[in-house]
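Open the model in your viewer and keep the selection panel at hand. Each stop below gives a selection, then what is there.

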Amino acid sequence: MTTTLPTTTAFGTSRTRVEGREKVTGAARYTGDIPLTGLAHGSLVLSTIARGRIRAIDDAAVRAMPGVLAALHHLNAPRVDGDYASLMGMAPDPTVRAFQDDRVPHWGWPVALVVAETPEQARAGADALVVEYAAEAHDTAFSAERADAYGVDGVVPATLAKGDEDAGLAASAVVVDASYTTPEEHHNPMEPHAATAYWQDGRLEVLDSNQGASWVAEDLAKAFGLAPGLVRVRSEHVGGGFGSKGVRVHQIAAVMAATELRRPVRVAMTRRQMFSLAGYRSPTAQRVRLGADPDGRLRVLSHGSVSQTSSVYEFVEPAAAAGRVLYDADAHRTSARVVRLDVPTPTSMRAPGMAPGSFALESALDELAERCGTDPVALRLRNEPAAGPLSGLPFAGRNLLACFEEGARRFGWADRDPRPRVRREGRWLLGTGTAAATFHAFAVPSTAAVTAWADGTFTVRIAAADIGTGSRTALQIVAADALRVAPEQVDVRIGDSAFGPAWLAGGSAGTSSWAWAITPAAEELRERLALGADIPADGLTVRSDSTAALAGQEPAERHSYGAQFAEVAVDPGTGEVRVRRMLGMFAAGRIVNPLTARNQLVGGMVWGVSMALHEEAVRDRASGALVGADLAGYHVASHADVAHIEADWVDDPMPGDPIGIKGVGEIGVVGAAAAIANAVWHATGVRHRQLPIRPDRVIAGESPDA
Amino acid sequence: MITSDPTASQTAGAIILHVNGEKHALTVDHRTTLLDALRERLDLTGTKKGCDHGQCGACTLLVDGRRSLSCLQLAVAAEGREITTIEGVAGQGADEGELHPVQQAFLEFDGFQCGYCTPGQICSAIAVIEEHAAGWPSAATGDVHPGAPPEPLTPEEIRERMSGNLCRCGAYTSIVRAVAHAAEAGAVRDARDEEAAA
């Protein structure tokens, strides 16, 4: 065997994406791009009421339409089990129970699937299907004042508290008590959810756009009562996910139709359908109370949040959790409550909890800095905790201060005049703002296989997903370094459930989890080869499972950190807000591939711009439907909204991680909207506590008494 | 590849599409968009469907050299037009594997993440560079009087002109760098060609 030992490792050097050429030439095949002989097309029919029952579905006329092969609905669809334990023991999204009964729990609930020979025929059939409903009174009115909001533990405990809040506030020289709201926000990955299902040799094959192929395969097996080995899910290229691409109705419907028709069926959501089928970020209503000494040292941190969920699922947006990491106080209380409404089920969306929560908490910190006459950066430095504020656990690599110090230096923060509304440039008022960021860093047990071939090349197999994160390229670098070969010698295969269980592209824990599995397998393989192991014709393979290694981790507070800086220009006449420049300085572990990591961090900050200024899904209380559920009615940041955004990082090796990495997918979003809102205050002197900071809100802020 | 072939009738028509220098005779449902005809009938799946409403730009391609949204036009109306998709932008004369300078710049500057909006971004960028070179103004152009001297293709100009192409991953800053680089490289090349011709 001949291998080239690289003189330097690939880790930390910028490398273009392994699949980059395929993506710039259009050769990369996403789910809906893969042709199959005999493919039929399914089109979903969604409810047009927000609550009630299906009284009748007359599918006879639709079945007689040209090309229509089937119309599936609750009267004839195959049965599925929707009560199984999915990811981390949680219940699956309720839309997996589509077509099982006549209940309609929200507007846009899937009620039927029309399958036809061509996409046009399927869509025409779906449009023509007449569904009669018995509508019931619905309630979609989310607000902070809901008396029926209740506390519930989600992925994190609902309430964590210590100390006496009221006594602490009474003893505080400075008190901030402010309420904040964030709207319903939708993921909108550019590639709509799509799945193609077919049976082959008694096995169910599913081509799907998802964030975790082994997760989807396991869930489909449970839902349809199949032996786990009978379902294979492949997801070679995925056009974005952001938390929305899990197990949803498109896979369920495609499997049902393929099973009924015994031919391949593709089901793709339309962009409009994604607004009720793909999950979303719940609106939040938050209240933050801070009590501090005159110098800004916190005595009280109290942060409560209310979010909404559907009548058929309990999903909590943990918006108050950021304070559990960022700041300590003698009296410390963070809580999440939820309201059940007749709305689609929300889910995790890029930086769940932390994105809306950091807007409220970091805006409140800025208000506290203003009241205390303390610089906002100095205020954060002053409140740096020595250990986990509630856990008491040591921090594993906390470099928030380094982010602020280096970020402030590069941004030119030291020259900042703290007074609001004193900088003008023509019609523009100028201001700068900052905010802290944090996001958890963890790894989840995964399996991997690394194979050596006689020609000196290697293959890594892991059911990872590359949803745009650059994970395929990062894992090639990780494996090459562990093998001590050049990255070009390593072929990384991902997106196939046949490779065994692995964590998904989520929680900013994808690359770290997959690296925990790949690294020991690659190292063991290298050792075996060094000892002279023979490579048989079918390769020499080492498999690994990181379960035991991860179980041995010492308890610690493991997080990424960041300092966000923004400069805005505000036109008080038109209400227009322009983000002129942003700098994000992060402590996010060792960086595997600077080229793609920077892109992802900046992308997160672009989400912050979008969240601060643009994104807002408006629900019509009369119909229970969204107003303008498309990319014209729901604006996400476009090229023209994004000026100079820069992301960089401080040295931050993660203690205890085999290669010292954390994650970069979500931390860029956290704090970005707060930094912008704080800059808008600095420009105008007006606090905006409701997102997005729309022109009408800016104009209203100019004449608060009107 | 796709077997479904709607029978010729009042709802279908036989057309010839000129795509990437090749002629394709096919019978299409009158409702079929150019986007779906390329993807489902000709297996040219590089052109993506992001919204099917003309709101995201993922389906952008070149029709008679100009950028165009393929989800908003019917295949039957595209007959006789010269259609260039991402699969054809490198040019018919390009060597195997040779990239268009804009494709090369997207690759080098990491002007994408998930890659789904990328074919549309690249087709749009190719047209943006040509539109700017031809003196077409944008909302970011300072002097729009006829005969005004040409202004450079600044990042602000690129951002304005590219705004019909959404990228939800948020790779905008890398995309703008890639487009600026490709435009500069193209300008250098053009100047060299003119010099050589003179």
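**Ground rules**

This is a predicted model: local features need pLDDT of at least 70, and side-chain atom pairs count only at pLDDT 80 or more, while totals for chains, interfaces and linings use all residues. Residues are numbered from 1 along each chain as its sequence is written, chains are lettered from A and ligands numbered from 1 in the order in which they are written, and side-chain values use heavy atoms, with hydrogens and water left out.

**Stop 1: the second largest pocket**

Select Ser43(A), Arg123(A), Ala268(A), Thr270(A) and Gln273(A). Of the 48 lining residues, these are the closest to the centre of the second largest pocket. Its volume is about 1100 Å³. A pocket is an open set of points on a 1 Å grid over the protein atoms alone, with protein on both sides within 12 Å along at least five of seven lines; lining residues have an atom within 4 Å of a point. Points are joined across faces, edges and corners, and the volume is the space filled by probe spheres set on them.

Now colour by element. Two or more lining residues each come from strand 1 (40–46), helix 3 (119–128), strand 6 (130–135), strand 13 (265–268) and helix 7 (271–277) of chain A, and from helix 1 (34–41) of chain B. Helices (H or I, at least four residues) and strands (E, at least two) are DSSP runs, numbered from the N terminus. Which element gives the largest share of the lining? Helix 3 of chain A does, with 7 residues.

By class, the lining has 20 nonpolar, 14 polar and 14 charged residues. Ala, Val, Leu, Ile, Met, Phe, Trp, Tyr, Cys and Pro count as nonpolar; Asp, Glu, Lys and Arg as charged; the others, Gly among them, as polar.

**Stop 2: helices 5 and 6 of chain A**

Select 213–224 and 249–261 of chain A, which are helix 5 and helix 6. They pack at about 55°, with axes 11 Å apart. Axes are lines fitted to C-alpha atoms over the stretch in contact, and angles run from 0 to 180 degrees between N-to-C directions. That makes helix 5 of chain A oblique to helix 6 of chain A (under 35 degrees is roughly parallel, over 145 roughly antiparallel, 65 to 115 roughly perpendicular, the rest oblique).

Show side chains. Val216(A), Leu220(A), Ala223(A) and Phe224(A) of helix 5 meet Gln251(A), Ile252(A), Val255(A) and Met256(A) of helix 6 (contact means heavy atoms within 4.5 Å). The contact has 7 nonpolar residues, 1 polar and no charged.

**Stop 3: helices 12 and 13 of chain A**

Select 471–483 and 510–530 of chain A. The axes of helix 12 and helix 13 come within 8 Å and cross at roughly 30°. The two helices are therefore roughly parallel to each other. Their contact has 11 nonpolar, 3 polar and 2 charged residues.

**Stop 4: helices 2 and 3 of chain B**

Select 101–108 and 118–133 of chain B. Helix 2 and helix 3 pack at about 125°, axes 9 Å apart. That makes helix 2 of chain B oblique to helix 3 of chain B. Val102(B), Gln103(B) and Phe106(B) of helix 2 take part in the contact, with residues of helix 3 including Ile122(B) and Ile126(B).

**Stop 5: the second largest cavity**

Select Phe442(A), Trp516(A), Gln553(A), Met654(A) and Asp657(A). Of 13 lining residues, these lie nearest the centre of the second largest cavity. A cavity is a set of points where a 1.4 Å probe fits but cannot get out. The volume here is about 90 Å³. The lining has 8 nonpolar, 2 polar and 3 charged residues.
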